[in-house]
Amino acid sequence: MFEKILNAVQKPTRYIGGEYGAVYKNPAEVKIRFCMCFPDLYEVGMSHLGMRILYHLKNTREDTWCERAFMPWDDMAAEMEKHNMPLFALESRDPLGDFDMLGFSLQYEMSYTNVLEMLRLARIPLRSADRTEGFPFVCAGGSCAMNPEPMADFIDFFIIGEGEEVNMEILDAYGEWKDSGKPKAAFLETVAGIAGVYVPSFYEPVFDGDRQTAVRRLHPAAPEKVKKRIVEDMDKCYFPETQIVPYGEIVHDRISLEMFRGCIRGCRFCQAGMIYRPVRERSPERLLELAEKLIAQTGYEEISLLSLSTSDYSCLAPFTEKLLDMTEEKKISLALPSLRIDNFSMELMQRIQKVRKTGLTFAPEAGTQRMRDVINKGITEENVLESARIAFAGGYKNIKLYFMIGLPYETDEDVAGIPLLAKKVVDVAYELPKQKGEKPVQITASVSSFVPKPHTPFQWEAQNTAAQLRDKQRILCETVRSKRLTINYHESKLSVLEGVFARGDRRLGAVLEKAVGLGCRFDGWSEHFDFNRWQKAFADCGVEMERYTRARETDELLPWEVIDCGVSRTFLLRERDRAQKGEVTPNCREKCSGCGAAAWKAGVCHA
Amino acid sequence: MHKYIVRYSKRGDAKFVSHLDFLRLIQRAMRRAELPLKFSEGFNPHPCLSFAHPLGVGITGERELFEVELTAPCPALAAQLAPKMPRGIEIVEAVPCEKNRFSAVSRAEYTVLPETLPTADQLDAFMKKTEILTEKKTKSGVKTADIRPDIFDARIEDGTLFLRLATGSQANLKPSTVMDAMGEHIPGYTPGFCRYTRLRLTDAENKEI
C-alpha cells in the first residue's frame with residue numbers, strides 16, 4: 001500500500017527515510033521511542049541544524065531510538081487520508097501515536113498550524129488535556145518556545161533554550177517514569193522540576209481585557225519563572241560527527257558547522273541576538289576536527305560555517321585559511337553566510353571564490369544612518385559601499401541586500417533611504433572600469449516587514465498595520481528605478497499574523513484550533529496562505545488581532561515573562577530608551593552593557 | 001587515467017530516487033569512499049561519472065551501470081564503495097575498462113508484476129498486432145505513436161511478465177507505456193498497479209552492456 005501511495009506523489013524520497021546516515025535500531029531493544037517532529041516539509045526540516053544535533057544526540061543513547069517526522073505536502077496528506085494511513089516516522093514507519101514522546105521544533109510562528117495538522121494526521125488529540133494515558137507526550141522547543149503561550153494548550157511541556165543537556169535529563173526521567181508505571185501527571189511533575197522545562201498546565205494566566213494581569217501557579221513543582229538552558233563550553237558540548245545525506249536536494253544541502261552561539265552585536269530588533277546570549281565560540285581546533293570528520297562521513301561537496309555573524313568569530317582569518325587548505329584539496333566549496341559589512345576581508349573572499357563563486361549577501365537592515373542607529377546595527381553607508389566596491393572588484397556580480405520596513409520610529413524618509421542606498425550600490429559598479437563582454441551586476445534588495453519579538457528591546461512597540469506596510473512598500477517601488485536593481489518585499493498580512501502569534505497569549509490557542517479546522521496549514525507558503533480564513537478564525541473566536549499588534553505599556557505583564565531568557569527587563573528597557581534617542585550601544589567585546597547574561601560566566605562574559 | 005565500470009542494483013525504496021538525485025548520491029558516496037577521483041575542470045568541479053541509461057523513478061534496477069574516472073588504479077573499488085551506499089543500493093562489481101559500450105545500449109529487459117497478468121492468449125493476440133497505437137509522453141508533450149516495433153519480446157515467465165524493449169537514444173519505450181497499451185488494446189484486461197524491474201541493458205544483439 002505504501003508503495004502505491006509513493007507512486008502517486010511528487011518527490012517520494014521525502015517520505016521513505018533510509019538516507020545515508022539515518023539511524024536504525026531494533027524497537028524491541030530500546031525503552032524509549034522518540035520522534036523529532038518538524039512542522040514543515042522534509043526539505044526545510046532536514047536543513048535545520050538543531051534538529052540534526054538532537055537527532056544524533058538522542059540516538060547516542062542505547063535506551064532510545066530517535067526518529068523523524070515532517071509535515072507531508074498536500075498530495076501525500078491526501079493519499080494518506082485516502083488509504084487511512086496515520087502520520088508516521090520515516091525510519092520505522094510506525095504511526096506517531098505509538099511513540100513515547102514527540103518533540104516539535106518551533107522555529108517560526110506560521111508553522112504552528114502545521115504542528116496541529118501533524119497531530120491531526122497522526123490521529124492524536126490536539127489538546128494536551130485530551131491526551132489521556134496511552135497517548136505520547138508532546139513536547140516542543142526552539143526559538144518560538146521563548147513565548148510558549150499561544151501553543152500552551154497543545155504542548156505538554158516546553159524545553160526552553162539549548163537542548164543538549166536538558167533533553168538527556170528528560171529522557172533519563174522518562175525511563176524511570178516508564179518503569180514506575182505511574183500516571184502521566186507524575187512525569188509532568190518530575191520534568192517541571194528540571195531546569196529549563198515549562199509545563200503550561202501548571203500555570204494559569206489571568207486576563208483583564210486585552211491585558212494579561214497575572215499568572216497563577218497551580219502546582220508546587222512549577223517554578224515561578226523558567227530560565228533558559230545553555231551549554232557553557234562549546235568544545236565540550238556534543239556536536240554530531242555525522243549528518244544525514246538526503247536523496248533529494250534540501251534547502252541547505254551541505255555540511256553545517258556551527259562556529260559559535262550568540263551574537264556580540266545586540267541589534268535591537270533581533271530576537272536571536274538577545275535569546276542566545278552569551279556568545280560562546282568553538283575553538284578553531286575543534287572546528288577543524290569536526291570539519292574533517294563530517295567531510296569524510298557525508299561526502300558533501302560544500303561546507304557552510306554557521307553562526308549569527310560569521311565575521312565576528314575571533315580567529316576567523318587563520319581558521320578559514322586552515323579550513324580552506326583542507327577543502328580546496330578535496331574540491332569542497334566553503335560558504336560563509338552572515339558576513340558583516342564592516343569587517344569582512346577581501347583576501348578571504350578571493351580565496352573562497354577560487355573553488356566556487358557564490359552570490360554575496362549583506363544586511364544593512366535600514367536605509368538611513370538615523371534608522372541604523374535606532375536599531376543598533378552599527379554600520380555606516382560607507383561600510384556598505386566599500387564592501388560593494390570590494391565585492392565587484394573581486395568579480396562578484398550578484399549582491400543581495402537585506403532590509404526591513406516597519407521599524408519603530410521609522411519615517412517615510414527612512415523607507416525611501418532603502419532604494420536610494422541600493423541604487424548607490426549599483427552606481428559603485430558603474431564607477432569601476434568595465435571589461436569588454438562583462439556581465440552587468442544585479443542587485444537585489446529584499447525588504448521584510450519588521451515584527452516585534454518577545455525578549456527584545458522592541459517587545460513593547462506597536463507593529464505596523466498591513467495598510468501602513470503597503471504604503472511603505474509603495475515608497476520602496478516608487479523612489480528609484482534601475483534595470484540593475486530588483487526590490488522584493490513580503491506579504492504584509494502574513495507579517496501581521498506572524499506578529500500576532502509572536503507576542504500572543506494563551507487565548508490564541510482556540511484561534512489556532514479554529515484556523516486548522518478551516519484548513520489553514522503551510523501558512524508560511526504563499527500558495528497556501530489565506531488571510532480570509534484567518535480573519536474568519538479570529539472572528540469566530542471573538543478575538544481581535546489588534547490586541548496583539550498594539551503597543552504594550554511598560555507596567556504591563558507580558559505573556560512571555562514566565563520565561564527568563566537571561567537578559568533582564570531593565571536592560572531591555574534601557575536599550576529601548578537608547579533606541580528612542582538614536583544612541584548606539586557598544587558590542588559585547590568592546591564593553592559589557594550589563595544585559596544579565598554574564599551570570600552564566602560563560603563565553604565572552606567570562607573572558 | 002583509470003576508468004572503471006561499476007555495476008549495481010537499486011532495490012526497495014531506493015527505486016524512488018530520481019536519476020538526478022541518484023547521480024548526486026553516487027558522487028557523494030565516491031567522496032565518502034575517499035577514492036582518487038578525477039574532477040571536471042571549471043568553477044564547479046565534479047567527479048567524472050557517466051551512466052549507461054537513466055532508470056525511471058519507481059523502477060527497480062538489478063544490473064545498472066556507470067563509469068567513473070580515477071587518477072590511480074583502485075583494485076578494491078567495489079569493496080570500498082559498497083559500505084558507503086544508503087539502504088537499497090548494492091555494488092555488484094567494479095571492473096577496469098578502457099572504453100565503455102554505453103553508446104551501444106539499444107534494449108533493456110524488464111520483469112513486470114501487475115495486479116493481474118494477461119493470459120497467454122491475450123498476450124499472444126497483443127503481440128500479433130502489426131501496429132499498437134498509444135499515447136506516449138515525450139519531452140514535447142503527449143503524442144500518439146506506434147509502439148509495436150519497440151517491443152522485441154513479451155512473454156509470461158514464472159508468474160511475471162518479461163519484456164524486452166527498445167532503450168537508448170534511437171528509440172526508447174518505457175514499460176509503463178506498454179502496460180497502459182495492454183490495458184487499452186486487450187479487451188477486458190486491466191493490469192492494475194504494476195511493479196517494474198529492469199534486469200539488464202543490452203545491445204542490439206541482446207548482449208549485456
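**Exercise 1.** Work out how much area is buried between domain 1 of chain B and domain 2 of chain B, and what share of it carbon and sulfur atoms give.

*Solution.* Begin with the bounds: the domain assignment of chain B gives domain 1 (2-103) and domain 2 (105-202), such bounds being taken from an automatic or database domain assignment. Next comes the area itself, where buried area is the accessible area (1.4 Å probe) that two parts lose on being put together, summed over both. Between the two domains of chain B this area is about 1,000 Å², and carbon and sulfur atoms give 54% of it. The model is a predicted one, in which local features need pLDDT of at least 70 and side-chain atom pairs count only at pLDDT 80 or more, whereas totals for chains, interfaces and linings use all residues. Residues are numbered from 1 along each chain as its sequence is written, chains are lettered from A and ligands numbered from 1 in the order in which they are written, and side-chain values use heavy atoms, with hydrogens and water left out.

**Exercise 2.** Which residues form a salt bridge with the closest N and O atoms 2.7 Å apart, and how many salt bridges does the rule find across the interface of domain 1 of chain B and domain 2 of chain B?

*Solution.* Recall that a salt bridge is a side-chain nitrogen of Lys or Arg within 4 Å of a carboxyl oxygen of Asp or Glu. The pair with this distance is Glu64(B) and Arg198(B), and across the domain interface of chain B the rule finds one salt bridge. As for contact, meaning heavy atoms within 4.5 Å, 15 residues of domain 1 of chain B meet 12 residues of domain 2 of chain B.

**Exercise 3.** Describe the interface of chain B and chain A, beginning with the number of residues that each chain brings to the contact.

*Solution.* First, count the residues: chain B brings 24 and chain A brings 31. Second, take the area, which is about 2,500 Å² buried between the chains, with 53% of it on carbon and sulfur atoms. In chain B, the residues that lose the most area to chain A are Phe16(B), Arg28(B) and Arg32(B), together 28% of what that side buries. Third, look for charged pairs: the rule finds seven salt bridges across this interface, and Arg24(B) forms a salt bridge with Glu249(A), where the closest N and O atoms are 3.2 Å apart.
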